[in-house]
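Here is a brisk report on one protein structure. Keep the sequence and the 3D view open while reading.

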Amino acid sequence: MLAGEPYVADDPELAADLARASRLSAVFNASAAADDLAELLGEVGEGTEVRPPLWVDYGYQISIGPRSFVNYGAVMLDVAKITIGADVQLGPYVQLLTPTHPTDPELRRAKWEAAEPITIGDNVWLGGGVIVCPGVTIGENTVVGAGAVVVKNLPPNVVAVGNPARVVRRV
């Protein structure tokens, strides 16, 4: 899983990690306490605010830089690493989705999965409801409009909108 190789989703070790994250998420979502968030996630920078509810797969593969803001209802499926830079703003209901699934129905039935990391650069703003797909990197200072679906890397210093997200101008 961590190396990006296919894995079987119902592995007992992964199930234990998932149960841990579920328990810690429930605690954070009830308290919104920074200490609870720090226990759930791999790294949380100074001055970062995350508004509950927050949903994760494992939590420990998520790193959020300093002074970032995550609004209500974020989904961060961290089967692979999710790296969020400094001064990032995530609107409500943003989804960062690292898991991939085989197109072959027999492999899916056998519960094989894989994942690709997501990287969000410094000073990025993702509008409400943005979905970022596996393997995507969003360059620094980029703005992604509400409801966009980001399926490919976005360069720094642009505005992107739509489904699939496309660059409409430079900033």
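Strand 1 (residues 7-8) and strand 12 (residues 112-115) run antiparallel and are joined by two bridges. Strands pair here if DSSP finds at least two bridges between them. Strands (E, at least two residues) and helices (H or I, at least four) are DSSP runs, numbered from the N terminus.

This is a predicted model: local features need pLDDT of at least 70, side-chain atom pairs count only at pLDDT 80 or more, and totals for chains, interfaces and linings use all residues. Residues are numbered from 1 along each chain as its sequence is written, and side-chain values use heavy atoms, with hydrogens and water left out.

## Strand pairing

Strand 12 is also joined by two bridges to strand 11 (residues 99-100), again in an antiparallel run. P99 has A115 of strand 12 as its bridge partner.

Strand 2 runs parallel to strand 5, and two bridges join them. E43 has S63 in strand 5 as its bridge partner. In general, strands of a sheet pair through backbone hydrogen bonds, either parallel or antiparallel.

## Nonpolar cores

Which residues touch the most other members of the largest nonpolar core? They are L54, M76, L96, L126 and I138, in a core of 34 residues. Helix 1 (12-31), helix 2 (34-40), strand 4, strand 5 (62-64), strand 7 (74-77), strand 8 and strand 13 (118-120) each give two or more residues to this core. Helix 1 gives the most, with three residues.

A nonpolar core is a set of buried Ala, Val, Leu, Ile, Met, Phe, Trp, Tyr and Cys residues joined through side-chain atoms within 4.5 Å. Buried means under 20% relative accessible area, exposed means over 50%, and partly exposed lies in between (1.4 Å probe, protein chains only).

Take L96. Not counting residues up to four places away in sequence, L96 touches V75, M76, L77, I82, I84, L90, I118, I120, L126 and V132. Contact here means heavy atoms within 4.5 Å. In soluble globular proteins, nonpolar side chains tend to be buried together.

## The aromatic pair

The structure holds one aromatic pair. The ring centres of Y58 and Y60 are 6.0 Å apart and the planes stand at 40°, so the pair is tilted. Rings of Phe, Tyr and Trp (its six-membered ring) pair if their centres lie within 6.5 Å; planes under 30 degrees apart count as stacked, over 60 as edge-to-face, and the rest as tilted. Is Y58 buried or exposed? Y58 is buried, at 6% relative accessibility. Y60 is partly exposed, at 32%.

## T48 and its contacts

T48 sits in the loop between strand 2 (43-44) and strand 3. T48 is buried, with a relative accessible area of 17%. The T48 side chain reaches the backbone nitrogen of R67 at 3.4 Å and the backbone nitrogen of S68 at 3.2 Å. A polar contact is a pair of N or O atoms within 3.5 Å; within protein, one must be able to donate a hydrogen and the other to accept it, and residues adjacent in sequence count only if both atoms are side-chain atoms. Leaving aside neighbours within four places in sequence, T48 is in contact with I64, G65, P66, R67 and S68.

## Backbone exceptions

Most residues other than glycine have a negative phi, and most peptide bonds are trans. The table lists cases that depart from this.

| Site | Backbone value |
|---|---|
| P52 to P53 | cis, omega near 5° |
| N163 to P164 | cis, omega near 0° |
| D87 | positive phi, near 60° |
| N157 | positive phi, about 60° |

Where do these sites lie? P53 is in the loop between strand 3 (49-50) and strand 4 (54-56). P164 is in the loop between strand 19 (158-161) and strand 20 (166-170). D87 is in the loop between strand 8 (82-84) and strand 9 (89-90). D87 is partly exposed, with a relative accessible area of 28%. N157 lies in the loop between strand 18 (149-150) and strand 19. N157 counts as partly exposed, at 23% relative accessibility.
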